[in-house]
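Please consult the sequence and the structure shown here before reading on.

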Amino acid sequence: EATVVWSRLKSLSTLRNMGNPARDIRVLRCGQWTTGSTEELVPGDVFSLTLPKDGNDVVPCDCLLLRGAAVVNESSLTGESVPQM
């Protein structure tokens, strides 16, 4: 039983470490643009993305693109082993 618990804890730790790190973005709340973290996003938020200086252009969230263009990796949704672009 201890082996099962240890294995489950190890799996959970691995899953938690697979995520993308949070990054700062501009969020429109109450009619004003403020700086916030991707960890603080809630449903209904409008946010602005720009390519950061460090080159990290990954944003860990589900969103609806209102304006602009994006490259999206849908391989996890379609079951593809390699992203099709």
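L28 counts as partly exposed, because its relative accessibility is 30% (buried is under 20%, exposed over 50%, partly exposed in between; 1.4 Å probe, protein chains only). Residues are numbered from 1 along each chain as its sequence is written. The model is predicted, so local features need pLDDT of at least 70 and side-chain atom pairs pLDDT 80 or more, while totals for chains, interfaces and linings use all residues, and side-chain values use heavy atoms, without hydrogens and water.

**Pairing** (at least two DSSP bridges between two strands)
- Six bridges pair β1 (residues 24-29) with β2 in the antiparallel sense, and I25 stands opposite G36 of β2.
- Three bridges join β1 to β3, also antiparallel.
- L28 lies in β1; its bridge partner is W33 in β2 and V46 in β3.
- The hairpin of β1 and β2 has two residues between the strands, and C30 there takes a positive phi near 55°.

**Surface**
- L28, W33, V46, L64 and L66 form a nonpolar surface patch with about 510 Å² of accessible area together.
- Patch residues have over 30% relative accessible area and no salt bridge, with nonpolar side chains (Val, Leu, Ile, Met, Phe, Trp, Tyr) joined within 5 Å and like charges within 9 Å.
- A salt bridge is a side-chain nitrogen of Lys or Arg within 4 Å of a carboxyl oxygen of Asp or Glu.
- Accessible areas come from the Shrake-Rupley method with a 1.4 Å probe, and for residues only the protein chains shown count as cover.

Technical notes: Helices (H or I, at least four residues) and strands (E, at least two) are DSSP runs, numbered from the N terminus.
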